[in-house]
Amino acid sequence: MITSTTTDYKNFFKHSAHPANAEQYFRELLDKRERRYEDLCRNIISDMNQYGLSVVDDFLGMETGLKILNEVRSMYNAGAFQDGQVVTNQTPDVPAVRGDKIRGDKIKWVGGNEPGCSNVWYLTNQIDSVVYRVNTMKDNGILGNYHIRERTRAMVACYPGSGTHYVMHVDNPQKDGRVITAIYYLNINWDARESGGILRIRPTPGTTVADIEPKFDRLIFFWSDIRNPHEVQPAHRTRYAITVWYFDAKEREEALIRAKLENSKTNNLVAQVQAQRTEPDSTTTPPAAIASSSPSLPASMSTGTGALNANVSSNSCATSNEICT
């Protein structure tokens with residue numbers, strides 16, 4: 001028979017559980033996290049100033065990363081992805097086209113409110129928090145030149161192996177407002193020697209090349225404009241990534257103004273053609289071709305959620321397509 005005494009219970013409770021101790025424990029835990037967060041942001045600022053590129057490993061941890069990966073796999077297996085597109089010319093008469101020789105990924109745009117995307121939404125909120133912090137910290141170098149208050153939806157991408165790739169390109173060659181590209185990778189035990197799929201960034205000017213493996217739980221940041229031409233080298237295994245682009249408010253506003261002006265010009269040309277069709281005796285020669293596609297900005301920009309959403313306006317581009325890079 002097992003018996004217990006008061007002395008046994010006193011020995012069982014090894015540690016005091018007074019509220020003061022609990023408060024101290026959580027305060028120290030929060031201070032530790034804050035210091036890690038501060039160091040993370042400072043490292044990103046330093047890297048962006050020096051290299052125009054920053055790599056953060058073990059961003060969310062294995063458990064959270066696996067939850068995101070499972071959501072992405074479920075979406076892909078459900079057939080929710082479509083072929084990635086490219087814009088070959090920033091003019092209204094040239095639509096977005098698909099070309100395996102240019103990019104071979106399949107993509108899905110995610111805002112975060114869709115069923116089965118809660119962990120992707122959590123990821124984008126965490127990235128938002130980091131970008132907001134580095135953009136508003138003191139002594140943040142080049143990042144201080146921008147005012148970031150909105151972003152695109154998340155582009156979830158899958159390169160299905162078999163040598164699929166994306167040729168060298170620039171995300172924002174036409175000043176559409178995007179200033180920072182953030183990419184999160186979801187590829188467990190990735191070995192580029194066997195699987196390929198390296199992201200090669202070739203900053204200009206200069207000959208420096210950065211080869212980045214798409215390792216699990218790795219987050220990278222780089223400038224979206226002509227400072228960072230980049231490519232995805234052929235992948236020989238399924239490769240997953242999630243990308244969001246962050247806008248500079250001034251450049252974005254200027255891009256929207258240009259889009260509205262282009263819309264106005266296009267609408268006027270369409271009206272002229274319609275008028276000529278109703279007036280067969282008109283001596284005015286109609287334009288050779290009038291485009292009915294979107295104006296120069298190839299994107300419908302949706303605002304971000306989380307830390308960046310507090311002061312985000314609901315402005316969105318007049319066009320109906322997502323950004324194609």
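Q: How many disulfides does this predicted model have, and what decides the count?
A: The count is zero disulfides. A pair of cysteine sulfur atoms would have to lie within 2.5 Å to qualify.

Q: Why are Cys41 and Cys158 called buried?
A: Cys41 has 0% relative accessibility, and buried means under 20%, so Cys41 counts as buried. Cys158 is likewise at 0% and therefore buried.

Q: How many aromatic pairs are found, and what makes Tyr76 and Tyr240 one of them?
A: The whole structure holds five aromatic pairs. The ring centres of Tyr76 and Tyr240 are 6.2 Å apart, and the limit is 6.5 Å, so the two rings pair.

Q: Why do Tyr76 and Tyr240 get their accessibility labels?
A: Tyr76 has a relative accessible area of 23%, which falls between the 20% and 50% cut-offs, so Tyr76 is partly exposed. Tyr240 has 8%, under 20%, and is therefore buried.

Q: Why is the pair of Tyr146 and Trp223 called tilted?
A: The planes are 45° apart, neither under 30 degrees (stacked) nor over 60 (edge-to-face), so the pair is tilted. The centre-to-centre distance is 5.8 Å, within the 6.5 Å limit. Tyr146 lies in the loop between helix H4 (118–136) and strand E4 (148–151), and Trp223 in strand E10 (residues 219–223), so the pair ties together parts 77 residues apart in sequence. Trp223 has a relative accessible area of 2% and is buried.

Q: How many salt bridges are found, and what makes Glu34 and Arg133 one of them?
A: The search of the whole structure gives 12 salt bridges. In the pair of Glu34 and Arg133 the closest N and O atoms are 2.8 Å apart, and the cut-off is 4 Å, so this pair is a salt bridge. Glu34 is in helix H2 (residues 19–50) and Arg133 in helix H4, 99 residues apart. At 39% relative accessibility, Glu34 is partly exposed. Salt bridges link Glu34, Glu38, Arg42 and Arg133 in a network.

Q: Why are Asp128 and Arg151 called buried, and what joins their side chains?
A: Asp128 is at 0% relative accessibility and Arg151 at 2%; with the cut-off at 20%, both are therefore buried. Their side chains meet in a salt bridge, 2.7 Å from N to O. This pair connects helix H4, which holds Asp128, with strand E4, which holds Arg151, 23 residues apart.

Q: What makes Arg227 and Asp225 a salt bridge?
A: Their closest N and O atoms are 2.9 Å apart, within the 4 Å limit, so the pair qualifies. Arg227 has 25% relative accessibility and counts as partly exposed.

Q: Which residues have the most contacts inside the largest nonpolar core?
A: They are Phe59, Val72, Ile127 and Phe221, in a core of 42 residues. H2, H3, H4, strand E5 (154–160), strand E7 (178–185), E10 and E12 each supply at least two residues of this core. Beyond its neighbours within four places in sequence, Ile127 is in contact with Phe59, Ala182, Leu219, Phe221, Val244 and Tyr246. A second, separate core has 15 residues, including Tyr166, Ile183, Tyr185 and Ile220.

Q: Where does Thr152 lie, and why is Thr152 called buried?
A: Thr152 is in the loop between E4 and E5. Its relative accessibility is 1%, under the 20% cut-off, so Thr152 is buried. From C-alpha to C-alpha, Thr152 and Phe247 are 8.0 Å apart in space, and 95 residues apart in sequence.

Notes. Residues numbered from 1 in each chain as written. Predicted model: local features only at pLDDT ≥ 70, side-chain atom pairs only at ≥ 80, totals over all residues. Heavy atoms only, no water. Phe/Tyr/Trp six-rings, centres within 6.5 Å; stacked < 30°, edge-to-face > 60°. Buried < 20%, exposed > 50% of the residue type's maximum accessible area, 1.4 Å probe, protein only. Helix = DSSP H or I, 4+ residues; strand = E, 2+ residues; numbered from the N terminus. Core = buried A, V, L, I, M, F, W, Y, C linked by side-chain atoms within 4.5 Å. Contact = heavy atoms within 4.5 Å.
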